[in-house]
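The following note sets out several points on the structure shown below, for discussion before the model is used further.

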Amino acid sequence: MTGPVVVGLDGSPASVTAAWWAAREAVDRRLPLLLLHSWTTQPLNVPVAQEALSKQRYGGQVLHRMEAELLHRHPDLTVTTELVSEPAAQALLDLGETASLLVLGSRGHGSVASFLLGSISLHVLGLARCPTVVVRTGDPAVPEGWQPPAEIRGDIVVGVQHNGPTIAPLLEFALTTAQLHGTRVLAVRALPMSSLVTHPHALTEPGDEAWQAEEHGRLAAELAPWREKFPDVELVPRVSRGAAAQVLLSASADSRLTVVGRRRHASRLTWKLGPVAHAALHHMPCPVAVVPHD
């Protein structure tokens, strides 16, 4: 990945938190950072007049202040800014064609209302060509000073529900990120309760242990090529029975980043996020990366 890390910025606390996270990630990845502000799509609580000139002036101030703060924190970071008139979602999707990473802010738990409006975030998450990360306001992974205590420097969790080429982009992103941060990756697979029908011996406790070991071994074998590709990253398989969203939420309770996937869409007119991605974005306490796959 050689394109910039792009973050949507409107001056709200959510977008500021996202910019802090994006700057740290750009430094670690040795990539430039691009701060984007759409002056035609500003938050409803911005105390500026409706005239275009006032909105543009406000947007320029937001970008200038954030650029100065980030360069003070990271003197070696390359930062550029863009003040655009296009709707925010359109501008972010256009930049996402060549970006390495898009970063959005979220106002808190129980909502994907991001750096502008929830519908904008969902639109970008559903259509971006590159991985997109949502960072929550007050996220424990991005405290003041950027030095999280040891107890929250957790794993990177990635959902690998189905074997095959669809999981390759997710594992590539998760393992590359883990390699940069010196942490391990927990690869999580959920098996539905209906699997008891095809594994009747799992109804008993000894059988359940044998069945778990069998499924764990199958996942470990699927991950073997990735261990060879990333020998410096600890890659841990975990198989649990239950709904995929709930299994992933439980595994991510102490993670620093959760990675989920969604299918690419050929047209910007039709898009959707799956139930697991929706659940992660609504309920995960940590940043969530949505990675597109074919």
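1. Overall composition. The model is a predicted one. The protein has 294 residues, and 51% of them are buried. Its secondary structure consists of nine helices and ten strands. Among the contacts with a separation of 6 or more, 78% join residues 24 or more positions apart.

2. Helix α1. The 17 residues of α1 should span 24 Å at 1.5 Å a residue, and the distance between the end C-alpha atoms is 24 Å, in agreement with that expectation. How many of the residues of α1 are buried? The count is 13 of the 17, so α1 is largely enclosed by the rest of the structure.

3. The residue after α1. Helix α1 is followed by Arg30, which belongs to the loop between α1 and β2. Most residues other than glycine have a negative phi. Arg30 is not a glycine, yet its phi is positive, at about 60 degrees. Arg30 counts as exposed because its relative accessible area is 79%, and the cut-off for that class is over 50%.

4. Geometry and faces of helix α2. Helix α2 covers residues 52-73. The buried residues in α2 are Lys55, Tyr58, Gly59, Val62, Leu63, Met66 and Leu70. These residues lie on the same side of α2, because they cover an arc of only 130 degrees around the axis. Leu53, His64 and His72, on the other side of α2, are exposed.

5. What covers α2. Which elements cover the buried residues of α2? The cover includes helix α1 (13-29) together with strands β2 (33-38) and β3 (79-84).

6. Leu63 as an example from α2. Leu63 is found in α2 and has a relative accessible area of 4%, so it is classed as buried, for which the cut-off is under 20%. When neighbours within four places in sequence are left aside, its contacts are Leu9, Leu35, Leu36, His37, Thr81, Glu82 and Leu83. One of these, Leu36, is 27 residues from Leu63 in sequence, while the C-alpha atoms of Leu63 and Leu36 are 7.7 Å apart in space.

7. Cysteines. The structure contains zero disulfides. A disulfide is a covalent bond between the sulfur atoms of two cysteines. Cys130 is buried, at a relative accessible area of 5%. Cys286 is likewise classed as buried, with 3% relative accessibility.

8. Ser255 lies in the loop between α8 and β9. Is Ser255 buried or exposed? Ser255 is buried, at a relative accessible area of 9%. Apart from neighbours within four places in sequence, Ser255 is in contact with Gly154, Asp155, Val157 and Cys286. Gly154 and Ser255 are 101 residues apart along the chain, but their C-alpha atoms are separated by 4.5 Å.

9. The largest pocket. The volume of the largest pocket is about 600 Å³. Its lining comprises 25 residues, and those nearest its centre are Gln161, His162, Gly261, Val276 and His293. At least two lining residues come from each of β7 (185-191), α8 (244-251), β9 (257-263) and α9 (275-283). Which element gives the most to the lining of the largest pocket? Strand β9 does, with four residues.

10. His293 at the pocket. His293, one of the residues nearest the centre of the largest pocket, is found in strand β10, which comprises residues 288-293. Its relative accessibility is 10%, so His293 counts as buried. Not counting residues up to four places away in sequence, His293 touches Thr166, Pro169, Leu170, Gly261, Arg262, Arg263 and Arg264. Gly261, among these contacts of His293, is also listed with the residues nearest the pocket centre.

Terms used:
Residues are numbered from 1 along each chain as its sequence is written. This is a predicted model: local features need pLDDT of at least 70, side-chain atom pairs count only at pLDDT 80 or more; totals for chains, interfaces and linings use all residues. Side-chain values use heavy atoms; hydrogens and water are left out. Buried means under 20% relative accessible area, exposed over 50%, partly exposed in between (1.4 Å probe, protein chains only). Contact means heavy atoms within 4.5 Å. A disulfide is a pair of cysteine sulfur atoms within 2.5 Å. The arc is that of the directions from the helix axis to the C-beta atoms. On a 1 Å grid over the protein atoms alone, a cavity is a set of points where a 1.4 Å probe fits but cannot get out, and a pocket is an open set with protein on both sides within 12 Å along at least five of seven lines; lining residues have an atom within 4 Å of a point. Grid points are joined across faces, edges and corners, and a volume is the space filled by probe spheres set on the points. The expected span of a helix is 1.5 Å times one less than its number of residues.
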